Amino acid sequence: MPLVSGHEVISECTSRGLLAGAFNTTNIETTMGIVAAIERTGVPTFIQVAPTNVALSGYEYIYDMVSRRLASTDVPVALHLDHGKSLDAVEAALAADFTSIMIDDSEASYEDNIATSAKARALCPPEIALEAELGSIGGKEDDVAPEFASTTDPSQVAHFVDAVGCDMLAVSVGNQHGFVPNARIDFDLLAQVQEASPVPLVVHGGSGLPDEQLARLHQFGVVKVNVASDLRNAMIRSFGEAYNANPKEASLIRVSKNAVVAITDVVETRIRTFNPSIN
């Protein structure tokens, strides 16, 4: 199946009572592992990449790699720009035929965040789903941390969504990027944000949250949960274990295949955790 719009993934998930994982890729092993898990579970999904992770390949290579692998897959998948910190990143992802976009100016003032996010909306054709962020999510992504973190203010949600015209809203409700041992969702705050938001919600930092909390998110208007660190750790760990077992290991294909299996297991586990109904 060709890549679909983020709108289709959102629609499929909301109509079926499912929650879409959003899994970050960087290379062929990660992509193969993600798609294998998608095929096992049948849950519509986002595959995504952040600007910090296209330094090696460029957006076009990511598009070619993902779309080629999905050609033989029947599950709807959107290719998403994760944490587009600039309009240049948005334009580059659109030029490479990404089908879903995130603009993230959440560290700016409320007014500037609206202004930048609305410009991103104007750049995106109607068929491209746009995610924007209100409240700055803490923790580290690719060893980059925000200058400050702030929770989402429910009183700003409706106005922000209307002013931007976004299709998904990323929120800061106790979630943290990366592996943060004490990360916990404030479900009271999340419920207030859900009540105020006219669009589905997105939770970043899925790698560091307890399973029991991840399993509840679908009850609070969350349609998309981001997972990156878990996948990267699985791949790095797989290569490290191969080296420790045999420092003279020279079969890159064997080690890479093992990494694909490790990533597949992580992604499948996460998808099933998000969606208790499919277990």
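**Figure 1. H204, a buried residue of the predicted model.** With a relative accessibility of 1%, H204 counts as buried, in a model that is predicted. The residue sits in the loop that runs between strand 9 (201–203) and helix 8 (211–214). Its side chain takes part in a polar contact of 3.0 Å with the side chain of H83. A polar contact of 2.8 Å also links the side chains of H204 and E131. As a reference for distance, the C-alpha atoms of H204 and Q156 are 19 Å apart in space, while the two residues are 48 apart in sequence.

Figure 2. E131 belongs to strand 5, which covers residues 129–134. Its relative accessible area is 0%, so E131 counts as buried, the limit being under 20%. Leaving out residues up to four places away in sequence, E131 touches H80, I101, M102, I103, M168, A170, V202, H204 and K224. Two of its side-chain partners deserve attention in this view. The side chain of H80 forms a polar contact with that of E131 at 3.0 Å, and the side chain of H204 forms one at 2.8 Å. The C-alpha atom of F220, a residue 89 places away in sequence, is 17 Å from the C-alpha atom of E131.

Figure 3. H83 is found in strand 3, residues 77–84. Most residues other than glycine have a negative phi. H83 has a relative accessible area of 7% and is therefore buried. The side chains of H83 and H204 are joined by a polar contact of 3.0 Å.

**Figure 4. D97, a loop residue with a positive phi.** D97 lies in the loop between helix 4 (87–95) and strand 4. Its phi is positive, at about 70°, and D97 is not a glycine. Is D97 buried, exposed or partly exposed? The relative accessible area of D97 is 46%, which means that the residue is partly exposed.

**Figure 5. S100 in strand 4.** S100 has its place in strand 4, made up of residues 100–103. The relative accessibility of S100 is 0%, and the residue therefore counts as buried. Apart from residues up to four places away in sequence, S100 touches G6, F46, A78, L79, H80, L81, I128, A129 and M168. Two of these residues, H80 and M168, are also touched by E131.

**Figure 6. R121 in helix 5.** Helix 5 spans residues 110–123 and contains R121. Is R121 buried or exposed? At 15% relative accessibility, R121 is counted as buried. Beyond residues up to four places away in sequence, R121 touches P126, I128, L130, V164, G165 and D167. Among these residues, I128 is also touched by S100.

**Figure 7. V266 in helix 10.** V266 is part of helix 10, residues 252–274. Its relative accessibility is 19%, and V266 counts as buried because the limit is under 20%. When neighbours within four places in sequence are set aside, V266 is in contact with D230, L231 and A234. The C-alpha atoms of V266 and S277 are 18 Å apart, and the two residues are separated by 11 residues along the chain.

**Figure 8. The whole chain as context for the close-up views.** The chain contains 10 helices and 10 strands. Its C-alpha atoms fill a box of roughly 60 × 40 × 40 Å along the principal axes. The radius of gyration is 18 Å, in agreement with the value near 19 Å that a compact globule of 279 residues would have. Of the 279 residues, 55% count as buried. Among contacts between residues at least 6 apart in sequence, 72% join residues at least 24 apart. The chain exposes about 11,600 Å², of which carbon and sulfur atoms supply 52%. There are 18 positive and 36 negative charges, and their mean positions are 10 Å apart.

Key: Residues are numbered from 1 along each chain as its sequence is written. This is a predicted model: local features need pLDDT of at least 70, side-chain atom pairs count only at pLDDT 80 or more; totals for chains, interfaces and linings use all residues. Side-chain values use heavy atoms; hydrogens and water are left out. Helices (H or I, at least four residues) and strands (E, at least two) are DSSP runs, numbered from the N terminus. The radius of gyration is taken over C-alpha atoms; the globule rule is 2.2 Å times the number of residues to the power 0.38. Buried means under 20% relative accessible area, exposed over 50%, partly exposed in between (1.4 Å probe, protein chains only). Contact means heavy atoms within 4.5 Å. Accessible areas come from the Shrake-Rupley method with a 1.4 Å probe; for residues, only the protein chains shown count as cover. Lys and Arg count as positive and Asp and Glu as negative; His and the chain ends are not counted. The place of a charge is taken as NZ of Lys, CZ of Arg, CG of Asp or CD of Glu. A polar contact is a pair of N or O atoms within 3.5 Å; within protein, one must be able to donate a hydrogen and the other to accept it, and residues adjacent in sequence count only if both atoms are side-chain atoms.
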